[in-house]
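Welcome! Take a look, then try each task before reading on.

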Amino acid sequence: MAMKQARVGLLVAAALVAMPVTALAQPKAAQPKAQAGKNPKDTSKDKPAAAPAAGEAKEVNLEGADAPKDGSTTPVGGDAAAPGGDGSGLGDICVIDPTACPTIDMDKAANRDMHVQMYAVQQIYALRNHRFEVNPYFGITMNDQFVAHPGPGLAVNWYITNVLAIGVNGNFYAGLNSNSAFNLQTSRAARVGEPITEYQWNANANFSYIPAYGKFSGLGDFIFHYDFFVLGGVGAISTRPIAVVDPDNRTFTFKPKVSFHVGGGLRIFFNRWLAATLEVSDYLFFDELENPSIALGTDPKTSKPLAQDSSTWLDPGGASFTNNVQAQLGLSVFLPFSWEYRLPK
Amino acid sequence: MMRRFVKSVLAGLAGLAALTALSTGAEAQEIQLTGPLAGAPAVRKLRLHRAGRFEIAPGVSFSLLDQYRRTLLPGAALTYHVTDWLGFGVWGGFGIAYNAGLADELQTKAIDGRDCANKPFSKACKLTATNLTHGKIADDQLGKLQWIVSPQVTVVPFRGKLALFSSLFVDTDVNIFAGPAFIGLQERADCGADSDGVKLAVTCADQKSFTLASRVAVTGTFGLGLNFYPSSFVGFGFEFRALPFAWNTSGFDNHGGGTNGDFPDLNVNSADRELHFNSMVTVHASFQFPTAIKTTD
């Protein structure tokens, strides 16, 4: 409770400070509901203090007013004497501020065309259009049983539209690769040396698309929003074999290779600019593996053992197509933090 | 829990939001603290896809992150939902196992390539006598899931809707489930000595020891599902399920000897079982009965 009060206090303070600079919420509240959908253009910004012309409808909050139950006409305001002078209902505002006295013909209002269409998602909670997304995350290996390639990563996206973005992402693996116990056990039991590699980094340029978004009611008490996204891109990954067949002679250096990136994930919004992101990405590339055989003999020119000739260290069978599938869990921060909706609904 | 977490995050970031508000917009005003919606339920006219209904959900499960054998499980779940957020039911499936890449590689390189049936004197064959069959590795020693049955409790903490391509809208919910699981499996039969040290009739170097034995493992299962309801009584969904339990997937002698039993002891028994976080995804259709659906106020 105290935490909630502190939050409210901070927010109110922030709003008070920000009000002289900008007041995003106010123009929306001044929009006549009866005209919503017909004329969304808001003119109240230009004439915030102007008195309404005779007969011109002015916004009134019917949800908060004591509307007559019998449906009888209730002329309010206008040139007539302020109704409700008895200190109750809509008339109060006419006493306090005649220029703000609401004028509304209740019969006319009741008979107006109703735009009853409801949208499944009335107003997208977190607009992405023309915003940056900064997504730090940590990735873990999903499909390599022999060597784990965990590592931190960062993605930055720019949303061209609300559902389409371009961006870059990168992962840093150096120093975090680790051989698994499974690798040791398999090698020991079956006497086979499985060629393994370690990664240094990768970087990709991506397109992201958001085909689905929605909202959930949590425990019937609160609502949060989420979306699903897919992405694809191209980039590079730096890898090298780990010498297991002839570690005495072989030392490999990292080399970048062209990689392709496909993935998808789920984004859950905590508020309009902060979200948790869970992504599964597959980085596809042709990896160089260690030669399972050791070259015998010596080089006639140098008299050095062929086993020390680096040209004999890689698998002569060529590069191996590799899927590096990883799960990535992180946070997304959208910048700027706030925006203005183009339409009120 | 989620609510508390969200509140904690919001409270922690409130200061940052206030500072941000100095130079940007009055974003915080979007929070409905007062007004006609204050105290109103989060959702009105909620369609109750589960409350008081039976749900039959046939589907197919695919095991994940398998080392030697993958499993495909056709199966189904039957659930009765007492309320829209609580249900009781049972899920089960029959396993169809097939080789992962490593099993094929071992068969090709370590078994067929060495031809130990005809060259038992070779060094590689001697060193792998207790661990590799001379026949088919999948049939003789690799563990496989045969069937799974799990009574389970289902809780639905999140209800909502999804917009697909901004044009198709569908009711969705997220369910979590948990319960005991009974798993019928096959793994390499004990050989050499059992886990109590009692000598068995067949040594593990004997090719007769390369045979599978059946047993039932009992463990817990839990997971999370995402469900879609395009109509009032037909839906579909995806599910992630975890089944952590110990079993010997390879048929190798990996444990039982040395310090803490971390080294081979020339016996294959329960000491060679390792805890695996077995997991699978399920794709299913769902049918709710009765077909009529209720809604909230």
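**Exercise 1.** What percentage of the contacts in chain A with a separation of 6 or more is accounted for by residues 24 or more positions apart?

*Solution.* Keep in mind that this is a predicted model. Start with the elements of chain A: five helices and ten strands. Now turn to the contacts with a separation of 6 or more: residues 24 or more positions apart account for 70% of them. To finish the picture of the chain, 37% of its 345 residues are buried. Chain A exposes about 18600 Å², and carbon and sulfur atoms supply 62% of that area.

**Exercise 2.** Find the largest nonpolar core and say which elements give it two or more residues.

*Solution.* First, look for the members with the most contacts inside the core: B:Tyr68, B:Leu106, B:Leu132 and B:Phe252, in a set of 18 residues. Next, trace the elements: α5 (181-190) of chain A and α2 (101-112) of chain B each give two or more residues. The largest share, five residues, is that of α2(B). Then zoom in on B:Tyr68, which touches residues of chain A, including A:Phe182 and A:Thr186, as well as residues of chain B, including B:Leu106 and B:Phe252. Apart from this core lies another, of 14 residues, with B:Leu73, B:Ala77, B:Leu243 and B:Phe245 among them.

**Exercise 3.** Describe the lining of the second largest pocket.

*Solution.* Begin with the volume of this pocket, about 1600 Å³. Its lining has 43 residues, and those nearest the centre come from both chains: A:Phe228, A:Leu266, A:Leu278, B:Leu224 and B:Leu226. Sorting the lining by class gives 35 nonpolar, six polar and two charged residues. Strand β9 (residues 274-287) of chain A supplies the largest share, five residues.

**Exercise 4.** How many cavities of 30 Å³ or more does the structure hold, and what lines the largest cavity?

*Solution.* The count is six. The largest cavity holds about 180 Å³ of space. Among its 17 lining residues, B:Glu55, B:Ala57, B:Ala77, B:Glu239 and B:His284 are the closest to the centre. β3(B) gives the largest share of the lining, four residues. By class, the lining has five nonpolar, nine polar and three charged residues.

Now move on to the second largest cavity, with about 100 Å³ of space. It is lined by 16 residues, and A:Asn135, A:Ala155, A:Asn157, A:Leu231 and A:Glu279 are the closest to its centre. Here β1(A) gives the most, three residues. The classes come to four nonpolar, nine polar and three charged.

Key. Residues are numbered from 1 along each chain as its sequence is written. Chains are lettered from A and ligands numbered from 1 in the order in which they are written. This is a predicted model: local features need pLDDT of at least 70, side-chain atom pairs count only at pLDDT 80 or more; totals for chains, interfaces and linings use all residues. Side-chain values use heavy atoms; hydrogens and water are left out. Buried means under 20% relative accessible area, exposed over 50%, partly exposed in between (1.4 Å probe, protein chains only). Contact means heavy atoms within 4.5 Å. Accessible areas come from the Shrake-Rupley method with a 1.4 Å probe; for residues, only the protein chains shown count as cover. On a 1 Å grid over the protein atoms alone, a cavity is a set of points where a 1.4 Å probe fits but cannot get out, and a pocket is an open set with protein on both sides within 12 Å along at least five of seven lines; lining residues have an atom within 4 Å of a point. Grid points are joined across faces, edges and corners, and a volume is the space filled by probe spheres set on the points. Ala, Val, Leu, Ile, Met, Phe, Trp, Tyr, Cys and Pro count as nonpolar, Asp, Glu, Lys and Arg as charged, and the others, Gly among them, as polar. A nonpolar core is a set of buried Ala, Val, Leu, Ile, Met, Phe, Trp, Tyr and Cys residues joined through side-chain atoms within 4.5 Å. Lists of a residue's contacts leave out its neighbours within four places in sequence.
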